[in-house]
Amino acid sequence: GKEKTFDPSFKGPIKKRGCTDILCCLLFFVFILGYIVIGLFAWLNGDPVILLHPTDNQGRICGLNYGDLDLRNKNNLFYFDLTRCASAATLINLQCQTTQICVSTCPNTSWTYFPDVAKLEAARLSHTSHDCDFQDIQTIILSGKCAPYYLPYAPVVGRCIPAIAGKVGICINVMTLCHPAIYTFGTINTTITYQSLLDGTAPVKLYLEARAIAENIFADLTVSWYWLLGMLAITAVVAFLWIVIMRWVAGIMVWVTLLGIIGVLSFGVWYCYDEWNRLKTVAGSNTTIIAVGFTTNLSTYLALQDTWLAFLIILAIVDAIMILLVIFLRKRIQIAIKVIEQSSKAIGWMISTLFYPLVTFLLVLIAVSFWAATALFLASTGSPIYQVIDSRNLTSLPNTTSLHGQTCDINLWSNSTHQYYLNDDVSCVFVKYGGTSIFHNNVIWLQVVAVFGMLWIVNWILALGQCTLAGAFASYYWAWKKPQDIPLLPLYSSFGRSLRYHTGSLAFGSLIIAIVQIIRLMLEYADNKLKTAENKVAKFILKCMKCCFWCLEKFLKFLNRNAYIMIAVYGKHFCWSAKEAFKLLMRNIIRAAVIDKVTDFILFVGKLIVTVGMGALAWAFFTNKFVSLLQAPTLNYYWMPIIIVSVAAYFVAAGFFNTFGMAVDTIFLCFLEDLERNDGSEEKPYYMSKSLRDVLGKKNKKA
């Protein structure tokens, strides 16, 4: 494209501008309205509580009144046979393959059923199965209406879980679990052992252990939260100081690093040559690598001349490339350093820009929370749906058909309204909530729309932040006298312009990113489904598509970021801004590449120093290394506050340095525009700093 020409009316971000991409703006608002309607409909018809509370085989929530069956005093869920919860079918169907009923209290005694002693036990103990009131134990056990055994149970989040502890020597009245106990349930012989019960309760055991750890962590946070907040404040101060001192140390850091890399590579070249030369006098070292073949003993390769010769050639080539790059790109590296220094000064004059990421974070949190709530309500809409679960091995049952996965009527399947019937390994169980209306039949698509809406809105919020910051930093660059000519409240003014005039353009750019992201999510879903498939070609094509769309998303984000800068400066629509930004960068492709890599390096070092430094400070404090100055609180896990501080420090530093990166990108584009528009004459003076003009060998002529 053609270079920019001088425009005497251009003095920085355009003040008089009109609305851009109005159709996209209208589409965005219509979509948000529809998104809200979906959310309201889901909230009116759904109840996420049912996803959290225990639910019996008929989809009824324990603790509620259903008219014909009052479960208000039955808040716990009792499993007839927990050993069947450890099966693969449970993981596939998300349903334990055993009868589940609501009970008022969990059993606190032990009992087991054996056909040959059932009546003897009934007579001796006058026992009735829990929550059942029948006289013939054998009949009701064989019909599957009552549990064939139970142990002392304890309620855990509304579920009755065996309180198994200690050694493998737990007895159940007449028989013990020290030896396998076999009972007949319908036509299936089931072996109950200590290990089978452990397998069945393993997920709950894991939950209990995690809950104990979580309780200890929560206790630690209650006594250390103010120290954590203090360290996060220190993190913010350190990140701010790092950005400020970039105006003095950026050049030193970059040149020391580049010369250090060249020095290390040069030393490697010398060392490889020395080893190769030494091995000339060693017998057997002239054997080729091909003759040695493959071996896991690396010392075998290090004893060969060919190995060190290969290292020598590779390092020499890389070293030569680095030296040539530094020699021929030294001027562009200097430009990148000066742009970074100017960005540091811009943030120093507009400190409020460092705290704008908090606004972005809050808006993103609201958008994600709305989506999460809508998704939960959508998942809990409708009436209980039951499906046949058939876990039999049909290959061993010829001429047998399976109804697995088909819907079933629990009332027809059951012998009565209040009891449940289990026929061998085939059962009619509750699987989800739904219905037959248009709304319920399309819940999965509504979930997809909700995810897409969340992605679109989140990307729009990020775009709003980038456009706002770009407008503020552009105001700094195009101020003739800094800081006197910087507009009053530049961040607030830029935010108002972006929101008032360019909501449509930001929606256009974020829509493109959201479409690519939803396609990537679908590809991830397809990839997960194909993990067990044998079609290698399909897997390969899918991997290639995932890679291509990942690259496409990265490129579009780069293009959008620069388009938002042009929108903030010129107030034009999205397509014009993206085209002009891309052409401007292509005309200065080498400069753009250099400043991109130099900035990435500066930001990486900054994040690394802040994160590692705050992690080290947290470790020193919570392990009482500063006991003479400060006394750390007593904790159950001293490592948890250290992890929290390190992770939080990274995100705080990322927020600060992302703002810094936006400043660098904006000032760099403005610098390129300045070079093309102006020539340093009295009529067309450069707006760039004197240090940048010195690097380029340019001057402004004085009047």
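Author: Accessible areas here come from the Shrake-Rupley method with a 1.4 Å probe, and for residues only the protein chains shown count as cover. On that basis the accessible surface of the protein comes to about 36600 Å², and carbon and sulfur atoms hold 67% of that area. The model is predicted: local features need pLDDT of at least 70 and side-chain atom pairs pLDDT 80 or more, whereas totals for chains, interfaces and linings use all residues. Residues are numbered from 1 along each chain as its sequence is written, and side-chain values use heavy atoms, with hydrogens and water left out.

Of the 703 residues, 45% count as buried, that is, under 20% relative accessible area, with exposed meaning over 50% and partly exposed the range in between (1.4 Å probe, protein chains only). The protein has 21 helices and twelve strands, taken as DSSP runs numbered from the N terminus (helices H or I, at least four residues; strands E, at least two).

To turn to the part you asked about, a search of the whole structure finds two disulfides, each being a pair of cysteine sulfur atoms within 2.5 Å. One of them joins Cys62 to Cys102, with 2.0 Å between the sulfur atoms. This link is left-handed, with -80° about the S-S bond. Cys62 is buried, at 5% relative accessibility, and Cys102 is buried with a relative accessible area of 5%.

The other disulfide links Cys106 and Cys160, at an S to S distance of 2.1 Å. Its torsion about the S-S bond is about -80°, so this disulfide is left-handed. Cys106 belongs to the loop between S2 and strand S3 (111-112), while Cys160 is part of strand S6 (residues 159-162); the pair therefore ties together parts that are 54 residues apart in sequence. Cys106 and Cys160 are buried.

Cys544 is in no disulfide either, since its nearest cysteine sulfur, in Cys548, lies 6.5 Å away. Cys544 is partly exposed, with a relative accessible area of 32%.

As for packing, the largest nonpolar core contains 111 residues, among which Phe660 and Phe671 touch the most other members. Helix H14 (residues 443-477) gives the most to this core, 20 residues. A second, separate core has 20 residues, including Leu71, Leu82, Tyr150 and Leu151. Such a core is a set of buried Ala, Val, Leu, Ile, Met, Phe, Trp, Tyr and Cys residues joined through side-chain atoms within 4.5 Å. Beyond its neighbours within four places in sequence, Phe660 is in contact (heavy atoms within 4.5 Å) with residues including Ile243, Met246, Ile340, Ile602 and Leu603. In the protein, among contacts between residues at least 6 apart in sequence, 74% join residues at least 24 apart.

The charged pairs number 15 salt bridges, each a side-chain nitrogen of Lys or Arg within 4 Å of a carboxyl oxygen of Asp or Glu. In the pair Arg561 and Asp665, the closest N and O atoms are 2.6 Å apart. Arg561 lies in helix H17 and Asp665 in helix H20 (residues 639-677), so the bridge ties together parts that are 104 residues apart in sequence. Asp665 is partly exposed, at a relative accessible area of 23%.

Two other bridges lie within a single helix. Glu341 pairs with Lys338, with 3.6 Å between the closest N and O atoms, and these residues are three apart in helix H10 (residues 330-349), about one helical turn. Glu341 counts as buried at 11% relative accessibility, as does Lys338 at 18%. In helix H18, Glu580 and Lys583 are likewise three residues apart, about one turn of the helix, and their side chains meet at 3.5 Å, N to O. Here Glu580 is buried at 10% relative accessibility, whereas Lys583 is partly exposed at 25%. Finally, salt bridges link Glu524, Asp527, Lys543 and Lys546 in a network.
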